[in-house]
Amino acid sequence: MSDYSKFYEARSIITKILKDDLIGPVSGNEILTELPTQYYIMGKLYPQGTEGEIIDLVRNPLLENAIETYDASISLSNQKNPSSMGITCTLKEGVKDIIICSSYAYYSVMNFEEADKVHVDVSKWKDSEKKPKEIWVRKEYNFETPIHLGNEKVALPVTLECNMQLQIYTHSILNSGERVITVAFVNTNQANDDPVDRARLCAFQTQIRIKGIDNSPIFTNANRQEQFTNDEELKELELLYSDVNCFGQGHGCSVVWDLESPEPLWIGSSWLPSYNLHQMMAAQIQNKQVLSMNFLANAMPSVVIRSLKDFITDYKKWIEDQSDLLKSLDPRYRDSAEKNVDRCFKAYERMEHSIGLLEESQKNNNDAIKAFQLANEAMLLQRRQTLMKAGKAYEEDSILWYPFQLAFILHELSSFIDPHSVERKTVDLLWFPTGGGKTEAYLGITAFVIFLRRIRKSTDDGVTVIMRYTLRLLTLQQFERASMLIFACELLRQRYHLGGTEITIGLWVGGKLTPNNLADARSSINKQQRGASVGDDSNPCQIQVCPWCGQRLTPNEYTVRNSDKRMIINCSNSECNFFNNPNGLPLHIIDEAIYEYLPTFIVATVDKFAQIPLSDKPARLFGISSSKNPPDMIIQDELHLISGPLGTMTGIYEAAITKLCEKNGIGAKIIASTATIRNAKNQILALYGKKHTQFPPQGLSAKDSYFAVQSTPSERPAREYFGVMGIGTTATTTLIRVNAALLFASRYLMGLGYEDKVVDNFWTITGYFNSLRELGGASTQLLDDVQSRFSYLANTKFVNLMPRVDADKPYDHIVELTSRMSNTEITKIIQDKLKRGYHNGQHLDVLDYVLASNMISVGVDVGRLGAMVVAGQPKTNAEYIQATSRVGRDNPGLVVTLYNSTRSRDRSHYEQFLKYHSAMYRFVEATSLTPFADRARDRGLHALYVSLCRYLVPELLENKI
């Protein structure tokens, strides 16, 4: 098990610096020489303006006149310069006495001479020629008071020092006897527009906390929604997250509660809320041998089958245990729970059936069990090579499947061993949280399908599997990962003399990424070999490192062999298994070569299928004009992206592809995967016209599906989320200050002597932006404002922090990762620049910032990225989950989300930060697509008709011109 303690320690240092810079105080008895309202941008309650301004505040028409005081105090929290903050919570039945604690600070102002007279420590300026005009001295106030809640709605306000006031309001006493209250903390000072006067009367580092008498638990769940829906999925979500409670709502601030106790002992306000998101991890099973790829590949088939039976027997026992719990469930959840348990039993039965087919194969022709063992050997080779490339030590027996990966493979086998089975016609959706290992699961199935087809008939090559993506960045990244498996399969084909043509992989994407013909490819290669740039033109030199050994590839390793109609990519590493291979690396990325050689495994973008009605050449991929069998499997990764207009048009073309992949009544098996989806049933039905099953099926809690359980921070790296909403300042200023604080804090780690891997984890800060316009502005700010702010922190604000941070070094190595980048640049960033890490104090070639749009939200798997700043709540929750999951994959991560106080949606997420982040997957929005709506038919139905006519009627196939 990895030790993450130093990463967590370093992260806590970073977050303390962030808190000290944004909220303060840097030191308890600090003395400032500038306006404290500019020194800190959070945690402030400003003095109020004139009485007229308060009267003019918008009232809530639903509230009665008797509670105008409450209405006004809460409304004050929504101003640009808020004068109040508050929290709402629900108390248990019979609780009438509570304790409210509060703390805050004021800064009194005086000139230098006055400060000296009252014995303020101004010694560091005594000998300075330029003495500060103003000295601000901090004084902290703490208060704790018992409050009795009577029958009146508005309790008598509690006035504290410096005109601070606690206001307590009872919303209602529920039929259950529970009481809903709001506690507001109000700065009742009045001030004019003079900046000094407003700063003098402004409260800083404000905080309130509610607890019970004698520290007893007095709070109850604040979620009071009644479900009046028949939507099965919503009911299931209620069940899965029934153990996740919300105990409060913030007003102008966020709210946090005690997470360490079974029932929270306190609820409090927070200006910098945080939530430590624990990753899902593979369940610990007793017989780990069955997860060993080496064991599954090399043990006697009978032993393997016996172990697989034991593996799913444990799953069956877990299902039975879940079934026993049904009677004790809340009646509201019982119907959904019974359906979930039933789905689990059906998943077990499918795995049992697959194992039965393997056993039958072992007794008869041996084809399926042999393909299964070869698939495991291929995955073992691939994983071993990956570890060797990374310089990591390994033992072959310790290279394991995650339980859900092996289970998913078993779940799918029957669709291919028996192509006439009902399962073949079902779309299987692999749902697992981001970073959990979905790719390896369907790559394992891919290897099985490839080997089974070759074993049953050695000449049955052709395109066997098509894997589709929606984004070119995602396609490139996954092509690199899939290449490792295909290379391993080819080595095994040669080793065991499986026959047929070589097993290869093809990249079938739009012409803007790679040239469509070899002539253009040769021209581009010649140009690059002379040192010229291809600019925005398509570039055949997309593979910049050998997928198998990691050797850097340059245009000099690329050649076009016209006689063979293929482009050759040679690896110059003499230790590589593919060094001096006659055909180079077993991959094709030029359309002309793909149509000629029909790669076993094709990675494509969905838009490429729009070529089908326009050209006769893709017909070869489906075996129509190549005398080959059509593909056996189609993998649609990141299914949630196939929605909206893109999904609608894709659905029309999908009808044609489904038919083209059919032969003798047997169609291609469709497997989809995603980490964030809702409404999957209707989406898959609209897209493919088929029923679906989801794997792994859920149990009674989102934290345990047998195959995956929620980990502890010591078992798997946890990603900590922080919420920031600037007060009395602009969103731009907040963005600058947060980035500067993170830049300073991560460089401070270097001086503290942390290991290279810890420093590197937080070195490159990823910035996520919702629009290219916002990103473009931030690029300029990072080069100028953030760098100057960084110098200010090092030389002024944190000058006493030891060891000192060198402010003279520029940290301005910045790249963009957006759609406006050229394909060549994106490839270089993904395959090279992002992987360069901090080492032995050397960081000149290491990226300081990566500024990304939603392009980064899927498919970027760079383990060293550990820090992200999200500028504004993304438009969808799925986007937020996917984007922030790019960091903290291999080691503990840090995500700081900046909320714009002028946007109501941002403010709502900030005020309910803990509620949202403790159940993020629950809030994923439903996706929709309507491929046969009126306007969709107008735009795309002709393409479907032409495709089917052209490809199914031989006389219409070829282009006549």
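Predicted model: local features only at pLDDT ≥ 70, side-chain atom pairs only at ≥ 80, totals over all residues.
1. A salt bridge is a side-chain nitrogen of Lys or Arg within 4 Å of a carboxyl oxygen of Asp or Glu. As a general point, side chains of opposite charge can pair when their charged atoms come close.

2. How many salt bridges does the structure hold? The count is 46. Some of them are joined up: Arg350, Glu412, Asp428 and Lys669 are linked in a network of salt bridges.

3. Glu263 sits in the loop between β11 (254-257) and β12 (266-270), while Lys92 sits in the loop between β2 (84-91) and β3 (97-110), so the bridge ties together parts that are 171 residues apart in sequence. Glu263 counts as partly exposed because its relative accessibility is 36%. Lys92, with 25% relative accessibility, also falls in the partly exposed class.

4. Lys628 and Asp461 likewise meet through their side chains in a salt bridge, with 2.6 Å from N to O. The loop between β21 and β22 holds Lys628, and the loop between α14 and β16 holds Asp461, so this pair ties together parts that are 167 residues apart in sequence. Are the two partners buried or partly exposed? Lys628 is partly exposed, at 25% relative accessibility. Asp461 is buried, at 4% relative accessibility.

5. Inside the order, β22 (residues 633-636) and β23 (residues 669-674) run parallel and are joined by 4 bridges. Met633 stands opposite Lys669 of β23. Lys669 is also a member of the salt-bridge network with Arg350, Glu412 and Asp428.

6. Of its 5 residues, 4 are buried, so β12 is largely enclosed by the rest of the structure. β12 pairs with strand β8 (residues 204-212) in the antiparallel sense over 3 bridges. In that region, Trp266 of β12 is the bridge partner of Lys211. β12 also pairs with β11, again in the antiparallel sense, over 4 bridges. Ser254 stands opposite Ser270 of β12.

7. Strand β28 (residues 814-817) is covered on both faces. Ile814 and Glu816 lie on one side, Val815 and Leu817 lie on the other, and all of them are buried. In a regular strand the side chains alternate between the two faces of the sheet. β28 pairs with strand β29 (residues 849-852) in the parallel sense over 4 bridges.

8. Val815 is found in strand β28. Its relative accessible area is 9%, and because buried means under 20%, Val815 is buried. Opposite Val815 stands Val850 in β29. Leaving aside neighbours within four places in sequence, the residues in contact with Val815 are Ile829, Lys833, Leu847, Tyr849, Val850 and Leu851. Gln698 is 117 residues from Val815 along the chain, and the C-alpha atoms of the two are separated by 41 Å.

9. Last, the surface. Leu952, Val953 and Leu956 form a nonpolar patch there, and together they have about 240 Å² of accessible area. One of these, Val953, is found in the segment after α28 (934-952). Val953 counts as partly exposed because its relative accessibility is 33%.

Terms used. Residues numbered from 1 in each chain as written. Heavy atoms only, no water. Patch = residues over 30% accessible without salt bridge, like charges linked within 9 Å, V, L, I, M, F, W, Y side chains within 5 Å. Areas by Shrake-Rupley, 256 points an atom, 1.4 Å probe, with all protein chains shown as cover. Helix = DSSP H or I, 4+ residues; strand = E, 2+ residues; numbered from the N terminus. Buried < 20%, exposed > 50% of the residue type's maximum accessible area, 1.4 Å probe, protein only. Pairing = 2+ DSSP bridges. Contact = heavy atoms within 4.5 Å.
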